[in-house]
Structure formats: C-alpha cells, structure tokens
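Subject: Structure for your files

Hello,

Here is the structure we discussed. Please look it over before reading the notes below it.

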Amino acid sequence: MELRETSNVFPAGTDSWQRADSFAALALFLGTALVVIWQNFRLGVLWDLSYILENAHRISLGDAPYRDFPFPYAPITFLIQAGIIKLTGHAYFHHVIYSALAGGAATIISWRILLNVLRGEVRSARLVAFLLTAPLMVLGVYCIYPHPFYDPDCTIFILVGMLLLQRLDSRGVTAFSAFFCGAVLVVPLFVKQNTGLFFLASTAAAIAVLIGTDAWRGRRVVGYLWIGAGAASLLAVALLLIHTFAGLRNYWHWTFQFAAQRRAPGFRDMFEQFQNNTLPLWIASVAAGGILALFVSRRVNCALH
C-alpha cells in the first residue's frame, strides 16, 4: 500500500457521490429510522433496556465503572447514553432517537460497502446495491431490538472501519487517512469485548498478510504502517484514559476475567451440540447450498454483463 500525495484524485464514477445516491441514502435512512421508532412504540425489552440506562445514569452522576461498581462490559455504549442523559435530561425518547439515527446510519454505511464491492463487477451496481440493502430497513442493527445496546453499536463501528478500509483502496492512501482508519479499527474493542477483539485481531492478521505479500513483491508498505500507528496510538490513549479514571487492573478484571468466567460457557458445553448423528447431513446441506449459490451468482453475473 503506497502513500499518495492526495486522496481525492480518483477516476470519475468509481467512488463519487451522484445525485441518485442522495435519494437512495435518504430512503434507506428514513426507512430504517421509522422502523426503529415504530418498534419502540410497540416493543419494550425492559430488563435489557434498564440495565443499559441504569448504568448510564450512574455514569452521568459521576460514578466510574469498574472502580465504583461492578461492570463486566466495554464502556462506549454506556458512555454515549450517559452523555445523552447529561445533555438532554431523563427522557426515554431521547434514547429512541439515538437508536433510530444509529440504525439509519448503519444501513447507509452497509449500502456504501456493498456498492464498493459491486462497482465494476455487475451492471447497474447502484441499483443492485440498493435492492440488496433495502431489507436492512426492517432487519438493520436496531430494527429487531430497538433500544440502545452494545451489540448494534459495535456492529456500526465495525462497518465504519470496513468502509474506511475500502476508501483507502479506492481513493489512495495518505498518512492521515491511513492513521485515522487504523484508529477507528480499535474502537469496536471498547464497545463489545469479544466481537471487537475478534474484528481487530482478524483485521490485523489480514494486514500482516498484505504487508508480507507486498514486501515480497517489492512494493512499499508504509501505508500499512500508518494504519498500525493509528491503531496503536488510539489503543494507548484509551488505556491511558481507563487507567486514569477507573484503573487498568479493574478494567481487566471486570471486562475480561470476570466476563469470561461468568458469561462464557466452557469448551465442553460449546462443543456438546456438535455431538449428534445429524451433523454430517447438515454439513452436506450447507455445502450443497454454497455450491448452488456460487453457481447461481456466476449465472446472474454473466447475465448482468
């Protein structure tokens, strides 16, 4: 990955925003947001919602999680909700608005990621991407469970990281864009430990493979190094803040040791479900479905071209 002097010089139409994109984005955003609001009027998962808001309320009053009360979760979702409480007061609908806005944003980001994947591969990529993304208006990250929660928030930050990685590839790499992208890749770790850690580890492994491949081919890898610098910098800043306000030992105990001990099942329990006679049949069915999907996708691709 080579650095370029500018990041806004790229072929017209490859990553540009067209007039039709504004209508598509508005439709996807409003459709998702309205479904989230509608779900909140008809559904209330009170235990999960109260857990988020009760802890956010304590944080808004000045209590530090991990230090002042037990807290086996990553902090960002709770800090966001505490900020909403601090700025706008105690009103449930403010958190509904947050969920609607976040859900709509996630659908738009998913659409842009899909458009980047399809562009140049199929005819009418914008239309195909919109149609494939449209189901997220009722199945998006906040559409099924419509209250503030760390799983949807973590997914949103993962989507942002994926989009930034795509933009580095399509727009070219500058030191700032690569550094910023690397910093964003760390954020999911502090939204949800297990999902964020797996995302960061898998992304780091993929970048390490790319560094090795490009170095073997004699290409410059300084762009990847800037991504790593951004990730390392944000990780260091986050750990410093945690140490200052809550203590790193407290954070490690509650979010990793305690959470793994009390919430993660043992290996025997996790693999027990695979000890059945029908498993080979299910594996064969999944393999057959994958082969069929690959065959159909090739036929559709040929037809679109």
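The cover over the buried residues of α1 includes α4 (92–118), α5 (125–133) and α6 (136–139). This is a predicted model, so please read what follows as computed from it.

The residues of α1 that are buried are Asp-21, Ala-24, Ala-25, Leu-28, Gly-31, Thr-32, Ala-33, Val-35, Val-36, Gln-39 and Asn-40. The helix itself runs over residues 19–42. Its 24 residues, at 1.5 Å a residue, should span 34 Å, and the C-alpha atoms at its ends are 36 Å apart, which agrees.

Helix α9 (residues 193–216) was checked in the same way: its 24 residues should span 34 Å at 1.5 Å a residue, and its end C-alpha atoms lie 34 Å apart, so expectation and model agree. In α9 the buried residues are Gln-193, Gly-196, Phe-199, Leu-200, Thr-203, Ile-207 and Asp-214. Just after α9 comes Gly-218, with a positive phi of about 80 degrees.

As for the whole chain, its secondary structure amounts to 13 helices and 0 strands. Of its 305 residues, 38% count as buried. Among contacts in the chain with a separation of 6 or more, 73% come from residues 24 or more positions apart. The chain exposes about 17700 Å², and carbon and sulfur atoms supply 69% of that area.

Regards

Methods:
Residues are numbered from 1 along each chain as its sequence is written. This is a predicted model: local features need pLDDT of at least 70, side-chain atom pairs count only at pLDDT 80 or more; totals for chains, interfaces and linings use all residues. Side-chain values use heavy atoms; hydrogens and water are left out. Helices (H or I, at least four residues) and strands (E, at least two) are DSSP runs, numbered from the N terminus. The expected span of a helix is 1.5 Å times one less than its number of residues. Buried means under 20% relative accessible area, exposed over 50%, partly exposed in between (1.4 Å probe, protein chains only). Contact means heavy atoms within 4.5 Å. Accessible areas come from the Shrake-Rupley method with a 1.4 Å probe; for residues, only the protein chains shown count as cover.
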